[in-house]
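Please keep the sequence and the model in view while reading.

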Amino acid sequence: MSIDPASIDWDKADGLVPAIIQDAGNGRVLMLGYMNRPALEQTLASGSVTFYSRSKQRLWTKGETSGHVLELVSVETDCDNDALLVRAVPHGPTCHLQRASCFPHARGDFLAELDALIATREQERPAGSYTTRLFEGGVRRIAQKVGEEGVETALAAVAQDEDALLGESADLLYHLLVLLRSRGLSLAQVVDVLALRHKPE
């Protein structure tokens, strides 16, 4: 997403605007920083999120010492053009306390997190992992598991209690994510299809 730095109301807060950083993968709020116009311009030019450090009185690219950079995905302004929402891919923990987020209780989309973990398992194939065994069994075996879990979910819906239905639904979703990854697809692509089908009433 392109943004024109000239469209930002830089004068409202002495040349600085707050920049909320959001994980592009799962929607979790990662941190809050401040940008001036040069910081935004450098962010757009380099693809690495850069702030204006009020303590250091200079531009500061996240990860310049730790290596835990924030890879830019998009930037947008709020309705008053005096705050930024920056979507980025974090490479390592964002918080200086080695946490994923500076807000320890900020939650993201867990299904997106699980999908990312499954993608990592598909690439690395760690020994002893159930997910690894599924991938090594091939698409047909994974598809069979999805079918089995689908039947078990349907049976739980008509013959078992709520806890059983929730458990079987979780099993079904997990195996479906593995099946998608085995075909080189992702949860985000399924969400895109759903979004295209959605017609607000």
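The sections below treat the basis of the model, its domains, its helix packing and some individual residues.

## Basis of the model

The model is predicted: local features need pLDDT of at least 70, side-chain atom pairs count only at pLDDT 80 or more, and totals for chains, interfaces and linings use all residues. Residues are numbered from 1 along each chain as its sequence is written, and side-chain values use heavy atoms, with hydrogens and water left out.

Helices (H or I, at least four residues) and strands (E, at least two) are DSSP runs, numbered from the N terminus.

## Domains

The domain assignment divides the protein chain into domain 1 (11-90) and domain 2 (110-198); such bounds come from an automatic or database domain assignment. The centres of domain 1 and domain 2, taken over C-alpha atoms, are separated by 35 Å.

## Helix H2 against helix H5

Two packed helices are described by the angle between their axes and the distance between the axes. Axes are lines fitted to C-alpha atoms, for helices over the stretch in contact, and angles run from 0 to 180 degrees between N-to-C directions. Helix H2 (residues 110-124) and helix H5 (residues 162-182) have axes that come within 10 Å and cross at roughly 50°. H2 is therefore oblique to H5; angles under 35 degrees count as roughly parallel, over 145 as roughly antiparallel, 65 to 115 as roughly perpendicular and the rest as oblique.

The crossing of H2 past H5 is right-handed. A crossing is left-handed if the near helix is turned anticlockwise from the far one by less than a right angle, and right-handed if clockwise. On the H2 side the contact (heavy atoms within 4.5 Å) is made by Leu111, Leu114, Asp115, Ile118 and Ala119, and on the H5 side by Tyr174, Leu177, Val178 and Arg181. By class, the contact of H2 with H5 has 7 nonpolar, no polar and 2 charged residues. Here Ala, Val, Leu, Ile, Met, Phe, Trp, Tyr, Cys and Pro count as nonpolar, Asp, Glu, Lys and Arg as charged, and the others, Gly among them, as polar.

## Helix H3 and its partners

The axes of H3 and H5 come within 10 Å and cross at roughly 50°, so H3 and H5 are oblique to each other. H3 passes H5 in a right-handed crossing. Tyr130, Thr131, Leu134 and Phe135 of H3 meet Tyr174, His175, Val178, Arg181 and Ser182 of H5. The contact of H3 with H5 divides into 5 nonpolar, 3 polar and 1 charged.

H3 also packs with H4, at an angle of about 120° and with the axes 5 Å apart. H3 and H4 are therefore oblique to each other. Tyr130, Leu134, Phe135 and Gly137 in H3 meet Arg141, Ile142 and Lys145 in H4, and this contact of H3 with H4 has 4 nonpolar, 1 polar and 2 charged residues.

## Buried residues

Is lysine 145 buried or exposed? Lysine 145 is buried, with a relative accessible area of 13%; buried means under 20% relative accessible area, exposed over 50%, and partly exposed in between (1.4 Å probe, protein chains only). Lysine 145 lies in helix H4 (residues 139-159). Not counting residues up to four places away in sequence, lysine 145 touches Tyr130, Leu134 and His175.

Serine 53, in strand S3 (residues 50-53), is buried with a relative accessible area of 8%. Not counting residues up to four places away in sequence, serine 53 touches Arg58 and Trp60.

## Residues with positive phi

Aspartate 14 is not a glycine, although its phi is positive, at about 55°. Aspartate 14 is found in the segment before strand S1 (17-23) and counts as exposed, at 78% relative accessibility.

Arginine 125, also a residue other than glycine, has a positive phi near 50°. The place of arginine 125 is in the loop between H2 and helix H3 (130-137), and arginine 125 is partly exposed, with a relative accessible area of 31%.

Where is glycine 108 placed? Glycine 108 is in the loop between strand S6 (84-90) and H2, and is partly exposed, with a relative accessible area of 21%. Leaving aside neighbours within four places in sequence, glycine 108 is in contact with Asn26, Gly27, Arg28 and Glu113.
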